[in-house]
Number of protein chains: 2
Amino acid sequence: VARCPRLTKIRGPQIRNLLEAKDFILFDCDGVIWHGETAITGAAKVVSSLIRHGKNVVFVTNNCTRPRENYVHKFYRLGFTDVMLEQIFSSSYCSALYLRDVVKIRGQVFVMGCDGLRRELQGGGRPLRGGGGRDVKAVLVGHDDKLTFLKLAKASCYLRDPDCLFLATDNDPWHPLSGGRILPGSGSLTAALEVSSGRKATVIGKPSRFMFECISSQFSGVEPAQCLMIGDRLETDMLFGSNCGFDTMLTLTGVSQLEEAQEYRDSELAANHSLVPDYVVDSIADFLPAFEELDDEQSN
Amino acid sequence: VARCPRLTKIRGPQIRNLLEAKDFILFDCDGVIWHGETAITGAAKVVSSLIRHGKNVVFVTNNCTRPRENYVHKFYRLGFTDVMLEQIFSSSYCSALYLRDVVKIRGQVFVMGCDGLRRELQGGGRPLRGGGGRDVKAVLVGHDDKLTFLKLAKASCYLRDPDCLFLATDNDPWHPLSGGRILPGSGSLTAALEVSSGRKATVIGKPSRFMFECISSQFSGVEPAQCLMIGDRLETDMLFGSNCGFDTMLTLTGVSQLEEAQEYRDSELAANHSLVPDYVVDSIADFLPAFEELDDEQSN
């Protein structure tokens, strides 16, 4: 199917119509509802308005550095006071589900990632391995700000065993910091390990469909046509939405720019068209006038 | 040109004829003349016999962990007592030449590699950068057993500047250790940085032709048809030889197996045929009978 969105920004009445047509609103977090420890202006009000209007709101993040419990605290701290544990789908949580329910792993998991990822897996009852060991049945790569050469070498050795699974929480190449600086993401560390092992990792997070399967398993009756995926990264969020059959919306408060979406749209490579959003907004704060209209209608 | 070598091992008289036809014998080091700190039996005698018979012998190694001075010591320590500094072309030495003579770099070089690589570059008069700095004009990646996340993050940030060069000493994916263990190679770290920066590195070491340019610049009259490249890795040594127009010989004392060469030979992908050696020996010790015959002829 040819996709040729005009990539013009939508406004009040169009946003209202779109939200009325969707039951499930899926948000990426960083760059969409907050930047690090700062909420995007209006985002908390948008989320609570959606919930008040009976929408199912879920958060789908490739950030694997903290367990879901910590996310609830972060949501609360930044003013998203009505977000519950069950609405949060992080790549670390989905990795724990994958290990427990899909591959039903027996044996240890070697984690090249943050403590938060380790804690999420321990919550899922998985024995973990920090040091060496003969019983390692999976290597899981995430964002690891304590990466060392020794960890990379150990992981490479475990992966010599073809029965040892090779998983990555996500494939994000880098993450923005302030002042134009960046941090290498899980995708960077995964690439190092893919080269040293000669293998390809199974990616759990966006754009893989698996995160939608996690959501479907916990919310009954989720229909892709009823879903809107809102994110700031074309290569993860928009592609994830396309892969799942959702409508997609790019918000310009994060990584990707409108010009990049236009380049993908005009690309000769058909696969690039899956990265083009169906809708664009400057910020999800642009939703607020739509709720005012809805509220007016309801109070009339 | 279709290449269809039979991949049968060659012996005494064939080896003698081959050596008689070649003026330049290029050896890889690890897996060919030694394993770590142990010389391969007979290798030192082969090297001195070649030199004694008037052959130009050079060593072409992707190992970037020590400066050339240290290599001379290592050759001597392992019994290769007649090898001189001028015969040693390591990827660290060639990286220093590249920075000095090809790109004529002004400014600092951020090294993600071992102290030995840093020392080799300092020998070439290059200012180096361990910490941060605005004047970084090149990032050079090598084997780095002290890799940390912070180094990877700094290198990723420097590469945001499109004027900052991105170089790799080599692209070796991994290196063998004893007991089936491996160490990630420069190629693994380069892949991490390629993903986080969205750029491709310029590779200095084998299989890049640049190492041959370094040799040609220091030995007059090197003709590719007069060269034989002897190595243990199809993806680096044999491809390097093919890229330079040399005859190539695989020795089975290192990483690559005969079966892998057969797979490349039988591959449908024409590019894979450049990885197939022209000749195969079990060990370079197989050269020894050839010298006995040559010596007999000379003494008659």
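A salt bridge, as used here, is a side-chain nitrogen of Lys or Arg within 4 Å of a carboxyl oxygen of Asp or Glu. Keep that in mind for the exercises below.

This is a predicted model, where local features need pLDDT of at least 70, side-chain atom pairs count only at pLDDT 80 or more, and totals for chains, interfaces and linings use all residues. Residues are numbered from 1 along each chain as its sequence is written, chains are lettered from A and ligands numbered from 1 in the order in which they are written, and side-chain values use heavy atoms, with hydrogens and water left out.

**Exercise 1. Salt bridges**

Solution. 

Step 1. Over all chains, the whole structure holds 24 salt bridges.

Step 2. Hop to chain B, where the side chains of B:Lys206 and B:Asp237 meet at 2.6 Å, N to O. B:Lys206 sits in the loop between strand E12 (202–203) and helix H8 (210–218) of chain B, while B:Asp237 is in helix H9 (residues 234–244), so the pair ties together parts 31 residues apart in sequence. (Helices, H or I with at least four residues, and strands, E with at least two, are DSSP runs numbered from the N terminus.) Both B:Lys206 and B:Asp237 are buried; buried means under 20% relative accessible area, exposed over 50%, and partly exposed in between, with a 1.4 Å probe and protein chains only.

Step 3. Back in chain A, A:Lys9 and A:Asp282 form a salt bridge of 2.9 Å, N to O. This one links distant parts of the chain, 273 residues apart: A:Lys9 lies in the segment before helix H1 (12–21), and A:Asp282 in the loop between strand E15 (279–281) and helix H11 (288–299). A:Lys9 counts as partly exposed because its relative accessibility is 35%. A:Asp282, at 36%, is partly exposed too.

Step 4. Now a local pair: A:Arg118 bridges to A:Asp115, with the closest N and O atoms 3.6 Å apart. Both lie in helix H5 (residues 115–123) of chain A, 3 residues apart, about one turn of the helix. An α-helix has 3.6 residues a turn, so residues three or four places apart point the same way. A:Asp115 is partly exposed, with a relative accessible area of 46%.

**Exercise 2. Helix H9 of chain A**

Task: is helix H9 of chain A largely enclosed or largely open, and what do its buried residues pack against?

Solution. 

Step 1. Of the 11 residues in H9 (residues 234–244), 8 are buried, so the helix is largely enclosed by the rest of the structure.

Step 2. Among those buried residues are A:Asp237, A:Met238, A:Leu239 and A:Phe240.

Step 3. List the neighbours: the buried residues pack against strands E1 (24–27), E4 (56–61), E13 (227–231) and E14 (247–251), plus helices H8 (210–218) and H10 (258–266), of chain A. Packing rests on contact, meaning heavy atoms within 4.5 Å.

Step 4. Check what follows the helix: A:Gly245 comes next, with a positive phi near 80 degrees.

**Exercise 3. Two interfaces**

Task: describe the boundary between the domains of chain A, then the one between chains A and B.

Solution. 

Step 1. Chain A divides into domain 1 (8–62 + 207–299) and domain 2 (107–203), with bounds from an automatic or database domain assignment. Their centres, taken over C-alpha atoms, are 29 Å apart.

Step 2. Between the domains, 5 residues of domain 1 contact 7 of domain 2. About 540 Å² is buried there, 48% of it from carbon and sulfur atoms; buried area is the accessible area (1.4 Å probe) that two parts lose on being put together, summed over both. A:Asn62, A:Arg233 and A:Val255 supply 73% of what domain 1 buries against domain 2. The salt bridge count between these domains is 0.

Step 3. For the chains, 27 residues of chain A touch 27 of chain B. The buried area is about 2200 Å², with carbon and sulfur atoms giving 74%. A:Phe149, A:Arg160 and A:Ile182 supply 31% of chain A's share, more than any other three residues. Here, too, the count is 0 salt bridges.
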